[in-house]
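Subject: Handing over a structure, with notes

Dear colleague,

Please have the sequence and the model open as you go through them.

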Amino acid sequence: MGRIRSVLILLAVLCAGLVVGTMLGSKFAPYPHMVREFVEPPPLGAGSESDISAEEIELIQGTGGDIEWILRAGSADYDQDSGLVIADKPRVTYYLGRDRKEVLIRALHGEVGQKGEGLKLWDNVEGDYEDMKLQADTLDFKSKENLMFLEGNVKVQSPTIYITSQKVKVDLATREIMIEDGMEALIAPNMVVMPQ
């Protein structure tokens, strides 16, 4: 009788350990419970008509010995006929002005024209420039004109201002921000010095 009782207690402890382990595993396991939503990838790799596919790429664009921007991506396809690099999870660093201040921009998808057409990013575009942050649905950078166009749910935020709009144009040469569609702005009056 004592042996049967010991075996039953052992089985009960093992079953309880299995139940507790399953519950804790589902709560603290890193995968797939941490996945928030599924993102449709761009047509990269075997399913696309590209000439070259690569993982962990870096493209550098510059003139006169100065780097204008660096693009890093998780993976990319290159189509030689169109001269387009289609990137997955691109991260772009722009270098502005003589002081070479960095503008960091990331998105889920993007493409770079190797024939001087510029750069397009879409899906969850986010950027940082000093203490300023931006968000948009799409970004279109025209390198020849030094213009950046942001469209769809555009938000620009700094310690002194918060702007929302559907279309914003940024002149990187003059650092002017032009609102091209309806805008809402919140300005912190204690932080902004008004012209006299």
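Predicted model: local features only at pLDDT ≥ 70, side-chain atom pairs only at ≥ 80, totals over all residues.

Salt bridges

A search of the whole structure finds five salt bridges. In one of them, Arg 72 pairs with Glu 58, and the closest N and O atoms are 2.9 Å apart. Arg 72 belongs to strand E2 (residues 66-79) and Glu 58 to strand E1 (residues 52-63), so this pair ties together parts that lie 14 residues apart in sequence. Arg 72 is partly exposed, with a relative accessible area of 31%, and Glu 58 is partly exposed as well, at 45%.

Another salt bridge joins the side chains of Lys 142 and Asp 140, at 3.4 Å from N to O. Here Lys 142 counts as partly exposed at 27% relative accessibility, whereas Asp 140, with a relative accessible area of 18%, is buried, because the cut-off for that class is under 20%.

Elsewhere, salt bridges with shared partners link Arg 106, Glu 126, Asp 128 and Lys 133 into one network. Within this group, the side chains of Lys 133 and Asp 128 meet at 2.8 Å, N to O, and Asp 128 counts as buried at 19% relative accessibility.

The largest pocket

The largest pocket has a volume of about 300 Å³. It is lined by 14 residues, of which Tyr 129, Met 132, Val 170, Leu 172 and Ile 177 are the closest to its centre. By class, the lining is made up of 11 nonpolar residues, one polar residue and two charged ones. Strands E7, E8 (132-142) and E9 each contribute at least two residues to this lining.

Most residues other than glycine have a negative phi. Asn 124 lies in strand E7 (residues 118-129), and at 52% relative accessibility it counts as exposed. Asn 153 is placed in strand E9 (residues 147-157), and with a relative accessibility of 45% it counts as partly exposed.

With best wishes

Key:
Residues numbered from 1 in each chain as written. Heavy atoms only, no water. Helix = DSSP H or I, 4+ residues; strand = E, 2+ residues; numbered from the N terminus. Buried < 20%, exposed > 50% of the residue type's maximum accessible area, 1.4 Å probe, protein only. 1 Å grid on protein atoms, 1.4 Å probe; cavity = no way out; pocket = protein on both sides within 12 Å on 5 of 7 lines; lining within 4 Å. Points joined across faces, edges and corners; volume = space filled by probe spheres on them. Nonpolar A, V, L, I, M, F, W, Y, C, P; charged D, E, K, R; others polar. Salt bridge = Lys/Arg side-chain N within 4 Å of Asp/Glu carboxyl O.
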